[in-house]
Amino acid sequence: MEFLVVLVMLLLGNSYGAINQLSWREISNINNKGPYIGIVVPNAFELNPLLQSSSFVPHNKFPYFDFAGKKFRIGELEKKKVIVVMSGLSMLNAGLATQLLLTLFNVKGVLHYGIAGNVNSKFQIGDVTIPKYWAHTGLWFWQRFGDNSNNVETSGFSRELGYLKFSHYNNYTKYSKSVENLLSKVWYQSEEIFPVDGTPEVLQHAFWVPVDKAYFEIARKLKNVELDSCVNTTCLPRKPIVVRVKKGVSANVFVDNKAYRDFLNSKFDATPTDMESASVALVCFQHKIPFIAIRSLSDLAGGGSSSSNEISIFLSLASQNAFNVLVKFISLL
């Protein structure tokens with residue numbers, strides 16, 4: 001994630017390498033009213049419940065600050081001072097938005113919320129999950145075909161976290177022979193991180209990134225949050241629940257494939273899969289800033305009907321449920 005710092009510095013600077021004085025003055029005025037809770041939300045459909053809620057009150061003098069393609073909304077949510085930023089889709093956008101948030105503003109903690117695919121058959125669409133750990137599962141070493149040594153350490157990569165072997169997912173008939181797949185296998189890799197309290201340019205490795213212990217404990221008190229269960233006349237089999245789970249995973253992949261869905265659950269014991277949370281977690285982890293993610297399950301990540309993905313029906317419901325839990329959570333801080 002070190003490239004994010006470089007990107008942020010480029011975005012911060014003009015031709016003289018500094019933010020203009022007017023922007024600094026505005027940032028300083030905003031920060032004098034802090035500290036704030038930062039809220040990072042991926043997309044407009046997830047942001048809309050917040051903007052439409054009477055619980056969110058924009059600041060009367062500094063309702064927003066536009067910078068580097070991001071709009072930082074300043075105000076109060078449940079009477080807690082917040083700065084809200086919509087990151088956009090993907091790990092890069094989420095990490096960059098979080099880095100900007102922490103670089104520019106006086107932030108004491110980060111809350112992240114949105115929708116996610118569900119790779120755990122114990123839960124249903126509409127349920128709101130709060131993982132204890134997040135991992136980025138999109139950093140791979142892709143092994144060449146014909147190399148059966150299982151020894152990737154010699155190339156500077158690791159095989160500690162295991163692999164996905166493509167031949168395990170070949171289509172067979174009862175008459176066919178087992179054959180290798182030209183795609184061979186990919187080995188999952190840890191991120192290289194550079195904590196703010198570490199030695200510059202001395203990396204550490206991180207795969208499972210923990211959320212803040214105090215935040216996760218507060219999440220115990222969210223079980224009774226009222227959640228939506230119907231979209232017009234289409235209702236879920238039961239009322240959705242709020243549940244703390246062990247693990248969530250993120251990558252620049254929209255998972256809509258049953259085989260990979262089942263793999264993520266069996267290999268990593270994951271429940272939600274999304275495209276941003278682990279990036280936000282990694283940036284906060286490096287900055288030693290408390291963090292937690294709230295993800296409502298919007299679809300079955302390929303585990304449902306073969307004809308369509310459920311997100312087209314339940315996107316709005318899942319977005320609202322995630323926000324409802326966020327509101328209750330922040331009221332408990």
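Predicted model: local features only at pLDDT ≥ 70, side-chain atom pairs only at ≥ 80, totals over all residues.
Two strands pair if DSSP finds at least two bridges between them.

Consider strand β7 (residues 128-136) first. Two bridges join β7 to β18, and the strands run antiparallel. Thr129 has Arg295 in β18 as its bridge partner. Strand β6 (residues 107-118) also pairs with β18. Here the sense is parallel, and the pairing extends over eight bridges. Gly117 is bridged to Asp299 of β18.

Helix α4 covers residues 91-104. How far apart are its end C-alpha atoms? The separation is 20 Å. At 1.5 Å a residue, the 14 residues should span 20 Å, so the two values agree. Eleven of the 14 residues of α4 are buried, so the helix is largely enclosed by the rest of the structure. Buried here means under 20% relative accessible area. Among the buried residues are Met91, Ala94, Gly95, Thr98 and Gln99. Leu96, Leu100, Leu101, Leu102 and Leu104 are also buried.

The surface presents another picture. Trp140, Trp142 and Leu183 make a nonpolar patch of about 300 Å². Leu183 is found in the loop between β9 (163-165) and β10 (185-188). Is Leu183 buried, partly exposed or exposed? Its relative accessible area is 41%. Buried residues lie under 20% and exposed ones over 50%, with partly exposed in between. Leu183 is therefore partly exposed.

Definitions and conventions
Residues numbered from 1 in each chain as written. Heavy atoms only, no water. Patch = residues over 30% accessible without salt bridge, like charges linked within 9 Å, V, L, I, M, F, W, Y side chains within 5 Å. Areas by Shrake-Rupley, 256 points an atom, 1.4 Å probe, with all protein chains shown as cover. Salt bridge = Lys/Arg side-chain N within 4 Å of Asp/Glu carboxyl O. Helix = DSSP H or I, 4+ residues; strand = E, 2+ residues; numbered from the N terminus. Buried < 20%, exposed > 50% of the residue type's maximum accessible area, 1.4 Å probe, protein only. Expected span 1.5 Å × (residues − 1).
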